[in-house]
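User: Could we go through this structure together? I would like to understand its main features.

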Amino acid sequence: NFFKPSKEKVVFDIKECLGEVASIVSSQLSNNNITIEIHEYPDLLTVSGYPNEFKQVLVNLVNNAKDAILDKQSEMIDENNYEGRIDIMACKEGGKVIIVVRDNGCGIPKEIEKRIFEPYFTTKEDGKGTGIGLYMSKVIIDNNMSGKLYYENVENVENVRNGAQFRIELKEVSQVDFPLAHKGQDIPARGIFKGSKPT
């Protein structure tokens, strides 16, 4: 049911979604020598929306980051000096929940930055990309969840030399107003994933 669209808006904890997505993609990333890290935030980060669709957005962003890292690896003469890395950060900021997905891949050329959210626009080779992943992600965040998804270039930020950064902004909702979509064991807020389990 991971990709089954949610029928109704519910209030859910962003951190639970981050942990689930990291667990799902970690094995594939590990096979390509890519580390993914979920950065710690101590409090609940509750928003109103569609948790399954939100997880689809995160998977899309992580897969794009993976592809950018693999492209960079293929261009490098000495791959031993480069380790692919994806960082996902979440926090509260002015009544909003902010989620940032950052990679140290090849980045996006400035001349096409404004087009990356267009439907069917892709820079990948034929057969390797449909061009609807980012478009669908923006529709889910901007239209369906009344938030914002946008792109920022990364240059020399926290020892990351170039790369891409996608930022999601969603309105924070108090969990006392609505029941949480998921209840159960807490998912670790911080972990470095190199396989199927956090280390």
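Predicted model: local features only at pLDDT ≥ 70, side-chain atom pairs only at ≥ 80, totals over all residues.

User: How many helices and strands does the protein chain have?
Analyst: The protein chain has 3 helices and 8 strands. Along the sequence they follow the pattern β-α-β-β-α-β-β-α-β-β-β.

User: And what share of the residues counts as buried?
Analyst: Of the 199 residues of the protein chain, 45% count as buried.

User: Turning to H1, what span should it have, and what are its ends like in the model?
Analyst: Helix H1 runs over residues 14-31, which gives 18 residues. At 1.5 Å a residue, H1 should span 26 Å, and its end C-alpha atoms are 26 Å apart, so the two values agree.

User: Where does H1 bend?
Analyst: H1 bends at Val25, by about 45 degrees. Val25 is also among the buried residues of H1.

User: What happens at the start of H1, and what follows it?
Analyst: At the start of H1, a side-chain oxygen of Asp13 comes to within 3.2 Å of the backbone nitrogen of Lys15. H1 is followed by Asn33, which has a positive phi.

User: Tell me more about Asn33. Where does it lie?
Analyst: Asn33 lies in the loop between H1 and strand S2, residues 34-38. The phi of Asn33 is about 60 degrees, although Asn33 is not a glycine. With a relative accessible area of 46%, Asn33 is partly exposed, because that value falls between the limits of 20% and 50%.

User: Which loop holds Ser146, and is Ser146 buried or exposed?
Analyst: Ser146 is in the loop between helix H3 (133-144) and strand S6 (148-153). Its relative accessible area is 57%, so Ser146 is exposed. Ser146 is a residue other than glycine with a positive phi, near 55 degrees.

User: Changing topic, how many cavities are there?
Analyst: The count comes to 2 cavities of 30 Å³ or more. The second largest cavity holds about 30 Å³ of space.

User: Which residues line the second largest cavity?
Analyst: The lining consists of Leu61, Ala65, Val101, Arg102, Asp103, Ala164 and Phe166. Helix H2 (51-75), strand S5 (96-103) and strand S7 (164-171) each give two or more residues to this lining. S5 has the largest share, 3 residues.

User: How does that lining divide by class?
Analyst: The lining of the second largest cavity has 5 nonpolar and 2 charged residues, and no polar ones.

User: What does the side chain of Arg102 contact?
Analyst: The side chain of Arg102, a residue of strand S5, makes a polar contact of 2.7 Å with the side chain of Gln165. The relative accessible area of Arg102 is 9%, so Arg102 is buried.

User: Last one: where is Tyr50, and how far is it from Asn144?
Analyst: Tyr50 is found in the loop between strand S3 (46-49) and H2. Tyr50 and Asn144 are 94 residues apart in sequence, and their C-alpha atoms are 8.1 Å apart in space. Tyr50 has a relative accessible area of 17% and is therefore buried.

Note on methods: Residues numbered from 1 in each chain as written. Heavy atoms only, no water. Helix = DSSP H or I, 4+ residues; strand = E, 2+ residues; numbered from the N terminus. Expected span 1.5 Å × (residues − 1). Bend = angle between axes of the 7 residues up to and from the residue. Buried < 20%, exposed > 50% of the residue type's maximum accessible area, 1.4 Å probe, protein only. Polar contact = N/O pair within 3.5 Å; in protein donor to acceptor, adjacent residues only side chain to side chain. 1 Å grid on protein atoms, 1.4 Å probe; cavity = no way out; pocket = protein on both sides within 12 Å on 5 of 7 lines; lining within 4 Å. Points joined across faces, edges and corners; volume = space filled by probe spheres on them. Nonpolar A, V, L, I, M, F, W, Y, C, P; charged D, E, K, R; others polar.
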